[in-house]
Amino acid sequence: MPKLPGTDLPIVQSPMAGGATTPELVAAVADAGALGFVAAGYLSAEQLRDRITAVRERTRAPFGVNLFVPWPDRADSRAVDAYAERLAPDAERLDVALGKPRWDDDDWAAKVELLLADPLPVVGLTFGCPTDGTIAALQNAGSAVAVTVTTRTEAADAVAAGADALLLQGAEAGAHRGSWTPDAEPVPLATLLAEVRPLTDVPLVAAGGLADVDAVRRILAAGATYAQVGTALLRSPESGAPPLHKEALVTRTGTTITRAFTGRRARGLVNGFIRDHGPDEVEAYPQVHHVTRPLRAAAAKAGDPERMALWAGTGHASAQDAPAAEIIRALTP
């Protein structure tokens, strides 16, 4: 089976957008022999250029970048406005104004142009699979293209679109679901791998709850080419996760999938915000993300974990407070 560029070890770092994935983390993972990923989500093309430069200044090892494929604008504006009204008391407690709901494409075209002009060995795509020639263009520029999939159907469509690798995101994975449609039900990782493995011989990168060496060993034995880990690295000193988030990984129990924070399904540790607003959540991404972003930032600054988005996979309790390179070595069978 072919492999992804720059991978001496069967470990891939999850591209955790929003600040957790720092240049130091990507470089440390890459230097350890695994595949590091810059998280391009929520960055402008200029910010992404600077982030790539910062990683290159820290390592000569290959690494990749992950892009958010634009999500269609199909939100019910009235439902979003009503949800924002229900969030007003939380904002008042933190003395912050909620953000304005808006749709955007995460600077998609400019980021693609950047990567065509200055290619990286691997480009990951999350939230969808473009069929407009983008994949072929990135491949012609010299990048292997890996597409995130959460169902057998998505996997088959990604292979048909020319994907060089599949990032299989199981139900156990932390943070946003990479589903292409809002109604795609989460599939356990072992089931997803069993369903997809007969479809293709491209590398399969398995993600979801893999936070210790035994879990990694099991998923590789089941046919995955790589294990992708994110939550397992969150407590490392190279991680940009807030201290309260790092602490919560080992002091809190129980995760759930919710749209309460961003309008898109994501797995995080259960806290007051999820308990209060989970039943009222609306499917509206990225509109709700923009509404709650100031609230989440204010909560982190104020030391209020009950209103922070504490993204985590089901294996969060195994996350170690250790350098990223040491964690990668410990996770490698």
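**Pockets, a cavity and packed helices**

User: How do the residues of the lining of the second largest pocket divide by class?

Analyst: This is a predicted model, so everything here is computed from it. The second largest pocket has a volume of about 210 Å³, and 18 residues line that pocket. Sorted by class, this lining divides into nine nonpolar, three polar and six charged residues.

User: What volume does the largest cavity have?

Analyst: Searching the whole structure for cavities of 30 Å³ or more turns up one. The volume of the largest cavity comes out at about 80 Å³.

User: How many charged residues does the lining of the largest cavity have?

Analyst: Let's look at who is there: the lining consists of W71, R177, S179, T181, P182, R259, G263, R264, R265, E283 and Y285. Asp, Glu, Lys and Arg count as charged. In that lining, three residues are nonpolar and three are polar, while the number of charged ones is five.

User: Is helix 1 roughly parallel or oblique to helix 2?

Analyst: Helix 1 (residues 23–31) and helix 2 (residues 45–58) have axes 9 Å apart, packed at an angle of about 45°. Because of that angle, the label for helix 1 relative to helix 2 is oblique.

User: Which residues of helix 2 make the contact with helix 1?

Analyst: Helix 1 passes helix 2 in a right-handed crossing. On the helix 1 side, the contact is made by P23, E24, V26, A27 and D31. The residues of this contact divide into five nonpolar, no polar and four charged. On the helix 2 side, the residues are R51, A54, V55 and R58.

User: How many nonpolar residues does the contact of helix 2 with helix 4 have?

Analyst: These two helices pack with axes 9 Å apart, at an angle of about 35°. A45, L48, R49 and I52 of helix 2 meet A110, K111, L114 and L115 of helix 4. By class, this contact has no polar residues and two charged ones, and the nonpolar count is six.

User: Is helix 3 roughly parallel or roughly perpendicular to helix 11?

Analyst: The axes of helix 3 (residues 77–93) and helix 11 come within 11 Å and cross at roughly 10°. Angles under 35 degrees count as roughly parallel. So helix 3, relative to helix 11, is roughly parallel.

User: Is the peptide bond from Y285 to P286 cis or trans?

Analyst: P286 sits in the loop between helix 10 (272–277) and helix 11. Y285 also belongs to the lining of the largest cavity. Omega for the bond from Y285 to P286 is near 5°, and the bond is cis.

User: What is the phi of D107 near?

Analyst: You'll find D107 in the loop between helix 3 and helix 4 (108–117). Its phi is positive in a residue other than glycine, with a value near 55°.

Technical notes. Residues numbered from 1 in each chain as written. Predicted model: local features only at pLDDT ≥ 70, side-chain atom pairs only at ≥ 80, totals over all residues. Heavy atoms only, no water. 1 Å grid on protein atoms, 1.4 Å probe; cavity = no way out; pocket = protein on both sides within 12 Å on 5 of 7 lines; lining within 4 Å. Points joined across faces, edges and corners; volume = space filled by probe spheres on them. Axes fitted to C-alpha atoms, helices over the stretch in contact; angles between N-to-C directions. Helix = DSSP H or I, 4+ residues; strand = E, 2+ residues; numbered from the N terminus. Parallel < 35°, antiparallel > 145°, perpendicular 65-115°, else oblique. Left-handed = near helix turned anticlockwise from the far one by under 90°. Contact = heavy atoms within 4.5 Å.
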